[in-house]
Amino acid sequence: MVEVTVTPQSSLADRPVQIRVRGLSPCQLVTLRAWLKDEQGECFQSRAFFRADGAGAVDPGLHAALGGSYSGVWPMGLFWFLQPDTLFRRLVKRDVAGSPFRVRLEVFDGLCLGTDPREQPLASCEAERWYVGPGVQRVPIREGRVRGALFLPP
């Protein structure tokens with residue numbers, strides 16, 4: 001049975017996570033895809049192609065991506081190379097304290113280039129990427145023409 005995991009499952013957006021896929025056939029060619037919907041419902045996604053090692057595992061921190069959104073060894077590549085489905089959109093988190101981005105990670109057999117809804121992933125999981133740590137207080141700043149936010153630690 002194929003399994004994809006992200007550790008830790010919930011983390012701050014600037015912290016690295018470890019992605020692992022297990023249960024593949026040795027040397028199996030797979031596509032790892034990450035996607036999320038922002039607060040306006042816009043979809044952002046990235047994908048990378050990997051060949052499983054002799055034990056049937058893929059670790060983007062150890063194994064080089066053969067192509068897709070990036071190539072080479074990029075442990076956080078699936079997060080860093082997220083691109084919008086609609087041109088000229090930017091991934092911006094407006095409600096930084098209230099909710100995380102929920103990034104869906106999926107593993108597909110072979111090279112998966114499209115987003116055909118009939119294609120079922122071999123495995124999937126979800127990662128939460130928070131922009132503010134627990135207990136941090138956000139104080140809006142409005143002084144003259146200056147606008148901003150002050151983040152106070154717990």
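Predicted model: local features only at pLDDT ≥ 70, side-chain atom pairs only at ≥ 80, totals over all residues.
Modeller: Ground rules: local features need pLDDT of at least 70, side-chain atom pairs count only at pLDDT 80 or more, and totals for chains, interfaces and linings use all residues. Residues are numbered from 1 along each chain as its sequence is written, and side-chain values use heavy atoms, with hydrogens and water left out.

Biologist: What makes Arg33 and Glu106 a salt bridge?

Modeller: The term asks for a side-chain nitrogen of Lys or Arg within 4 Å of a carboxyl oxygen of Asp or Glu. Arg33 and Glu106 sit at 2.8 Å, N to O, so the pair qualifies. The structure holds 6 salt bridges.

Biologist: How do you know that this pair ties together separate parts?

Modeller: Arg33 is in strand β4 (residues 29-37) and Glu106 in strand β8 (residues 101-109), 73 residues apart in sequence. Strands here are DSSP runs of E, at least two residues, numbered from the N terminus.

Biologist: Why is Arg33 called buried?

Modeller: Buried means under 20% relative accessible area, exposed over 50%, partly exposed in between (1.4 Å probe, protein chains only). Arg33 has 10%, so it counts as buried. Glu106, at 9%, is buried too.

Biologist: And what makes Arg89 partly exposed?

Modeller: Its relative accessible area is 45%, so it falls in between. Arg89 meets Glu42 in a salt bridge at 4.0 Å, N to O.

Biologist: How many disulfides are there?

Modeller: The structure holds 0; a disulfide needs a pair of cysteine sulfur atoms within 2.5 Å. For Cys112, the nearest cysteine sulfur, that of Cys43, is 13 Å away, so Cys112 is in no disulfide.

Methods. Helix = DSSP H or I, 4+ residues; strand = E, 2+ residues; numbered from the N terminus.
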